[in-house]
Amino acid sequence: MSSPGQILKENLWTNNPIFMQVLGICSALAVTNLLTNTMIMTIGVTFVTAMSNLTVSLLKGLIPRKVRMIVQTLIIAFYVIIVDILLRAYLPDISRALGPYVGLIITNCIIMGRAEAFAQSNPPLISMWDGATSGFGYMAVLLVIAFFRELLGFGTLFGIQVLPDAFVPWTIMVTAPSAFFFLGIIIWIGKSIMNREGAPA
Amino acid sequence: MNKQSLVYTVIFTFIVSFVFVTLLALANDGTKERVQLNQELNRQRAILNALNIDYNGPQDVQDKFQNVEQIERDGVTLYRTTVDGETIYAKEFTGSGLWGLIRGYLAVTANMDRTIGIEILSHNETPGLGGRIDEPWFKQQLRNEKIVDGTIRVDGAGDGDTNHDNGQIDAITGASRTSDAMRTILSRELSTFQQILGGNS
């Protein structure tokens, strides 16, 4: 069994869900044009991955193999709807900004992937840790993308104007295609560094 | 009991679904009032914005909204208030944009010589392009804009028309279809206002 430190390093770097496993790409494109939205969205994903991993791991002895994945989906959907309800009640403005994307966390392959690959065969606490760190790995990459997209697309960071008024915002940064470019660049940089370190890519 | 048997699978699935759905129903019910309050607050805020009434914080919104009278005229709901001795009216509008419905509030003076303002409640226009109808520079154009020949032209494209006496506002560069939609909405809403308020000027 892997140690917590090893899991952290794997999920943040050598096995990062975004740039090594290339999972959860749809949301990486959709919610990264503003840092605030990205932050809330990735906190949501981290919470759901951690809690669903914990729950799947606790119930794994009871789940019949035939309906294993359906039960995992049910558990994931449960936590996503909880997040949605909390946002609607306590952060209505963010809830409106994220719109349908919160519900779409259910289809985020990272969560299902971790439940099936890790929680199904590991004890509860370490599964929860694995889920949380996978969420952090996802968060780190998305925040980097969002940083550049918001900076160049709006001239702001977390909604605060940082570039001078004379700066002409790049409209493409606000639309989804720019996330493809940044994601490509990040995967490129990440893999290059890894190759240099001699790690198997 | 055999965990792979059909009976166990059916019972297990039933219990798991029942438990999770019950928890969700409870969470939903527990926050229902809060969510409704948020929606109502959002609506009141939008109407106050359209009517150009300033407010500080949620409590102030509710207080100021007390002065806004809701009336029915020709089957249309209008919001009426008096600011500095001048009676002004707001009305909800809906219209089809490029991708979906554009909803909001438009306010005019009782004699229909100027608009008071506009507020967008929801839209699905392209972020960074048509989505800019929700940005201050666009909405600011309709603050005290003179209504010429019963309408306001949406024409040209630029950084916003600062002349509030020419009965014209700037369209949005790169968002012709959304600008068309706003043109249609404005002319239709203003003629509806004209019909309702016409005999009252």
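Okay, quick definition before anything else: when I say polar contact, I mean a pair of N or O atoms within 3.5 Å, and within protein one has to be able to donate a hydrogen and the other to accept it. Keep in mind that what you're looking at is a predicted model.

So, with that rule, how many residue pairs are in polar contact between chain A and chain B? The count is eight, with both residues of a pair at pLDDT 80 or more. On chain A's side, the helices that each supply at least two residues touching chain B are α4, 68-90, then α5, 92-98, and α8, 171-174. The largest share comes from α4(A), with ten residues. As for the make-up of that side of chain A, we've got 15 nonpolar residues, five polar and five charged.

Now the interface as a whole. Chain A puts in 25 residues, and chain B puts in 25 residues. Together the two chains bury about 2200 Å², and 71% of that is on carbon and sulfur atoms.

What about salt bridges? The rule finds one across the interface of chain A and chain B. The partners are Asp93(A) and Arg45(B), and their closest N and O atoms are 3.4 Å apart.

You'll find Ser3(A) in the segment before α1 of chain A, which runs 4-14.

Key: Residues are numbered from 1 along each chain as its sequence is written. Chains are lettered from A and ligands numbered from 1 in the order in which they are written. This is a predicted model: local features need pLDDT of at least 70, side-chain atom pairs count only at pLDDT 80 or more; totals for chains, interfaces and linings use all residues. Side-chain values use heavy atoms; hydrogens and water are left out. Contact means heavy atoms within 4.5 Å. Buried area is the accessible area (1.4 Å probe) that two parts lose on being put together, summed over both. A salt bridge is a side-chain nitrogen of Lys or Arg within 4 Å of a carboxyl oxygen of Asp or Glu. A polar contact is a pair of N or O atoms within 3.5 Å; within protein, one must be able to donate a hydrogen and the other to accept it, and residues adjacent in sequence count only if both atoms are side-chain atoms. Helices (H or I, at least four residues) and strands (E, at least two) are DSSP runs, numbered from the N terminus. Ala, Val, Leu, Ile, Met, Phe, Trp, Tyr, Cys and Pro count as nonpolar, Asp, Glu, Lys and Arg as charged, and the others, Gly among them, as polar.
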